[in-house]
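This report covers model confidence, helix packing and aromatic pairs. The sequence and the structure come first.

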Amino acid sequence: MTEYPARLDGSEIDEIGRGEIARTEVGRLAGEPRSGANALEVRAALADAVDLLPALAPADPTDRYTVRYLTVLWLEADKTPHTRRAYYADLAAWLTWCSRSGLDPLAARRADVDAFKATITVTGRDGLSRPAAPSTVARMLAGLSSWYRYLESNDAADRNPVTAVTRPRAAARSAPRSALDERAVAALLDHAEHRANRLGTEAARRDAALTGLLFYTGLRVSGITTATVRDLDQDAGHTILRYLAKGGHRDFLPLPPPALAPLHDYLETRAHNRGVPRTRLTGPLLATAPHPHDRSKPGGKPLTQRDVWQTLRRLAAQAGLTAANSISPHTARRTAGTVLLAHGVPVQKVQDLLGHADIRTTRDHYDAHRHKLDSSSVYTLAQILGDHRHRGRQE
């Protein structure tokens, strides 16, 4: 039986599953759309993936309201690509458990969900399994409850066994991940651009463009990986990038010259390699490069969030950054916010740039964190005690 992880630790990307499910197009089309997939293609990919879920009755082509078809519609309706992937992974984990337990998921009761809850684990980067965090368990239960509610509302299920299950309380909020200092960012950007100029390859120029976009805009990684070449536009003398924001709505922001220069070089190189004028280039804004020795891998696919993650860490290590092993796409976002606040940019403007719906997110996670470091009383205490220590030495 295929095993489905609840969620990988420390990653912004959810694995939909291993084995057959990982080979379907649900990850590409349902998880990261807006790269040419239309609504019918997304639904078809979801249907293929749902067909692989265990423990559900086979689809009946004569019945419009089978559980599998309703599951496709549930995944499709009013969900962002990231949420869709997470819900699919959670449902796959539950149905796999039901299959192993010989349980019809439509006959499940609270006791069954409680038993399943006790088995939820996550797999870390070290390959070891450990109990899932309370937030992960709560998220999985919320997803399963949403599925059952959808089936109930369509008269395909008699009960929602998750309703009475006790949801774990969220753990105390952990300290936010650190940002890079300005010198480290400059070193990383310089390295990426010098490497691109030295190698001159499409992949190296793409990596430089990627690094510039991340650190000069503070965009979420999904906003970059789902953008297409056609999302570049002109408005009132500015070159702007239209992108998919959190919540599924479209937004835009201007691209400053230091981010535009490597992006322009990359797109020119890519167009040249494809034998088309720059103005006729289509596809993802940042794409996989053709394999230099394997013609069956022509490239042109959108980068995944994992691609971005790995590229950043590789470049950071090459640039000699001490934080190379812990850097992530969100590091760039946090760095953009903290650097701007440190230089006196009003918190409202930083909120607008980062797309925070609530200014408290900007203030508590970025501004307060900076003040906790820069204005900490430990420095005052050290100065007071230091004065006495120096005085004692003079006597």
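## Terms and confidence

Two residues are in contact when they have heavy atoms within 4.5 Å of each other. The pairings of residues listed below use that cut-off.

The model is predicted. Mean pLDDT for the protein is 82, with 78% of residues at 70 or more. Residues 1-36 have a pLDDT below 50, although this stretch makes 109 contacts in the model beyond near neighbours in sequence. Where pLDDT is low, the predicted coordinates should not be read in detail.

## Helices α2 and α3

Helix α2 covers residues 39-51 and helix α3 covers residues 67-76; their axes come within 9 Å and cross at roughly 130°. An angle over 145 degrees would count as roughly antiparallel and one of 65 to 115 as roughly perpendicular, so α2 is oblique to α3. The crossing is right-handed.

On the α2 side the contact is made by Ala 39, Arg 43, Leu 46, Ala 47, Val 50 and Asp 51. On the α3 side these meet Arg 68, Tyr 69, Thr 71, Val 72, Leu 73, Leu 75 and Glu 76. By class, the residues of this contact are eight nonpolar, one polar and four charged.

## Helices α4 and α6

The axes of α4 and helix α6 (residues 134-153) cross at roughly 85° and come within 9 Å. This angle makes α4 roughly perpendicular to α6.

From α4, the residues in contact are Ala 86, Tyr 87, Asp 90, Leu 91, Ala 93, Trp 94 and Leu 95. Their partners in α6 are Arg 139, Met 140, Ala 142, Gly 143, Leu 144, Ser 146, Trp 147 and Tyr 148. The contact of α4 with α6 holds eleven nonpolar, two polar and two charged residues.

## Aromatic pairs

The model has five aromatic pairs. One of them joins Trp 94 and Trp 97, which are stacked with 5.6 Å from centre to centre and 15° between the planes.

Why are Trp 94 and Trp 97 separated by about one helical turn? Both lie in helix α4 (residues 81-101), and they are three residues apart there. Trp 94 also takes part in the contact of α4 with α6.

## Helices α12 and α13

Helix α12 (residues 329-342) packs with helix α13 (residues 347-354) at an angle of about 160°, and the axes are 10 Å apart. Because of that angle, α12 is roughly antiparallel to α13. The crossing of α12 and α13 is right-handed.

Arg 333, Gly 337, Leu 340 and Leu 341 of α12 are in contact with Val 347, Val 350, Leu 353 and Leu 354 of α13. This contact comprises six nonpolar, one polar and one charged residues.

How values were computed: Residues numbered from 1 in each chain as written. Predicted model: local features only at pLDDT ≥ 70, side-chain atom pairs only at ≥ 80, totals over all residues. Heavy atoms only, no water. pLDDT = per-residue confidence, 0-100. Axes fitted to C-alpha atoms, helices over the stretch in contact; angles between N-to-C directions. Helix = DSSP H or I, 4+ residues; strand = E, 2+ residues; numbered from the N terminus. Parallel < 35°, antiparallel > 145°, perpendicular 65-115°, else oblique. Left-handed = near helix turned anticlockwise from the far one by under 90°. Nonpolar A, V, L, I, M, F, W, Y, C, P; charged D, E, K, R; others polar. Phe/Tyr/Trp six-rings, centres within 6.5 Å; stacked < 30°, edge-to-face > 60°.
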